[in-house]
Amino acid sequence: MSKSSHRTPANGRFFTERELRDAQPGDTLREPGGLRGALGKTGRIVWTYRYRAPGSGRIREMGCGTWPGEAMRDTRRNRDVAGQQVADGIDPIVARDERRRAGAAALELERIETEKRLAAELEAERRNAEDERTVHDLFSEWVERGVARKDGNAELKRCFRADILPAIGDVAIRELGERPIEDMLRGVAGRGAYRYAEMLYINLRQMFRWGERRQPWRRLLVDGNPLDLVEIKRMLPQGYTGRRSRVLSDAEIAELRDRLDSIRRGYGDAPEGARYSVERPIGERQEIAIWIGLSTLCRVGELMMAQWRNVDLDRGEWLIPADESKGRADSVGDFVVFLSPLSLHLFRRLHELTGHARYCFPARHETTHVELRSIGKSIADRQAPLKYRTTGRRRRRESDSLVLSEGSNGDWTFHDLRRTGATIMQRLGVSLDVIDRCQNHVLGGSAVRRHYLLYAYETEKREAWFRLGRHLEEILFESREIA
């Protein structure tokens, strides 16, 4: 077979496999019915069908297959189909292109339908996952996005993890009714923590109201907000107002002094090996905190977060920055406590213990302040019969050593010291306006009034704190001069 020759099988037959293998590059092969093949440099024969297009009369060629990639019977069948189309007045190339477009459209439609089906399945899975979201899930999202308290939500997280989440955290939102919430709150109230139970209820109500306005929680609350059906007052004692009114009498203040002294002496006098059986003192720092709280009317958070850079022992002044005080910073502002001789004496004693640290009450590692609840917990643990009446628990640090007046007036808290000091000021003739200012309250009245009436009442506040300090000295030191 010479180069670039045209070959046609004899007697109108088709090429044999051997003849096809003997083809040379550049050869043109022709079979009956208009089928033509050309052997390229790759060693493959490309077969085309030459025909006159119906209507236009143009000569056109359509690919029918390759050899040896495809069997010749398939190539010839493609030629036969195309020939029949020409006979029927159809251009096979046009018909092929239309089939391809139709096939592509069908594939695209199938792809779209598949994507829709997968999207629907994913949405169903997402909805099913949402349907199983729990109280714990709602709390996690709310505490991250829906609430921002001064302590970084630390106290909120603590109370939820202590009482709420163990009780109802794993309950699906769509299945939550009022009964599990009521049972949890009754358990808290049952141990005498009435104000704490109220606080849990308020926090839960705030969380669910936040959820009611947002998806998917709004959809999951199919039966409405379960807190709307919880009546917290029914779980609290009759006559409970939610406001403490405990005020320590002068006799109880003296009794508190004696009890703290007695515990300290008893522990110090006990043999080293026998101290485990003797009550451990509350700690000198905490004792000082109790008397500072009483003599300055400060809040526990303000005292526990106090830094030495804000305490001027020479001037006898303690600055409480606005961001460490309760209330809006723009309403309260920075606050100065004018230290009475008693308060200044207490701060100097404290400085001997912690003056090397940044905070007046540093934590053990001294990089931050102690936990705000620590002193309240120490006080409560030493009034166990009054504070933990129904729990039945008893640990070494739980006792009745700080129960005053044999418990006839109920338990007392650190915050009660603030109320006690303010009441003593009132008894000593200090005006209510000045007492409010000594307590760093956000004062009523219009914003315009607060903006223009800027007298700081420094003289009156200093005199009020000094009166309180002198009265407490008479109780605590029996008129003796303090060092």
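Which residue of β3 is the bridge partner of Thr28? In β3, that partner is Ala38.

Before I continue, a word on the basis of these values. The model is predicted, and local features need pLDDT of at least 70, side-chain atom pairs count only at pLDDT 80 or more, while totals for chains, interfaces and linings use all residues. Residues are numbered from 1 along each chain as its sequence is written, and side-chain values use heavy atoms, with hydrogens and water left out. Helices (H or I, at least four residues) and strands (E, at least two) are DSSP runs numbered from the N terminus, and two strands pair if DSSP finds at least two bridges between them.

I begin with the strands around Thr28. Strand β2, residues 28–31, pairs with strand β3, residues 35–39, in the antiparallel sense over 4 bridges. These two strands form a hairpin with 3 residues between them, and Gly33 in the turn has a positive phi of about 90°. From β3 we pass to strand β4, residues 45–52; the two run antiparallel and are joined by 5 bridges. Within that pairing, Arg36 stands opposite Thr48 in β4. The hairpin of β3 and β4 has 5 residues between the strands, and Gly43 there takes a positive phi near 90°. Next, β4 and β5 pair in the antiparallel sense over 8 bridges, with Gly65 in β5 as the bridge partner of Trp47. Their hairpin has 6 residues between the strands, and in it Gly55 takes a positive phi near 90°.

The bond from Trp67 to Pro68 is cis, with omega near 10°, and Pro68 lies in the loop between β5 (59–67) and α2 (72–87). Likewise, the bond from Gln215 to Pro216 is cis, with omega near 0°; Pro216 is found in the loop between α7 and α8 (217–220). As background, most residues other than glycine have a negative phi, and most peptide bonds are trans. Asn153 has a phi near 70°, a positive value in a residue other than glycine, and is found in the loop between α4 and α5.

Two packed helices are described by the angle between their axes and the distance between the axes. Axes here are lines fitted to C-alpha atoms, for helices over the stretch in contact, with angles from 0 to 180 degrees between N-to-C directions. The axes of helix α4 (residues 135–145) and helix α5 (residues 154–168) come within 10 Å and cross at roughly 165°. That makes α4 roughly antiparallel to α5, given that angles under 35 degrees count as roughly parallel, over 145 as roughly antiparallel, 65 to 115 as roughly perpendicular and the rest as oblique. The contact (heavy atoms within 4.5 Å) is made by Val135, His136, Phe139, Trp142 and Val143 of α4 and by Leu156, Lys157, Phe160, Leu165 and Ile168 of α5. By class, this contact of α4 with α5 has 8 nonpolar, 1 polar and 1 charged residues. In that scheme, Ala, Val, Leu, Ile, Met, Phe, Trp, Tyr, Cys and Pro count as nonpolar, Asp, Glu, Lys and Arg as charged, and the others, Gly among them, as polar.

What is the angle at which the axes of α6 and helix α7 (residues 194–212) cross? They cross at roughly 155° and come within 8 Å, which makes α6 roughly antiparallel to α7. On the α6 side the contact includes Ile181, Met184 and Leu185, and on the α7 side it includes Tyr194, Leu200 and Leu204. The residues of this contact of α6 with α7 divide into 11 nonpolar, no polar and no charged.

Arg186 forms one with Glu182, the closest N and O atoms being 3.9 Å apart. Arg186 and Glu182 are 4 residues apart in helix α6 (residues 178–190), so they are separated by about one helical turn. The structure holds 35 salt bridges.

I close with an open sheet of 3 strands, in the order β6-β7-β8 with antiparallel pairing. Because β6 (311–312) and β8 (335–338) stand at the edges, each with a single partner strand, one side of each is left without a neighbour in the sheet. Helix α19 (residues 458–477) packs on the sheet, touching β7 and β8, and its direction makes about 45° with that of β8. Strand β7, residues 317–320, is joined to β8 by 4 bridges, and Trp318 stands opposite Val337 in β8.

Notes:
Salt bridge = Lys/Arg side-chain N within 4 Å of Asp/Glu carboxyl O.
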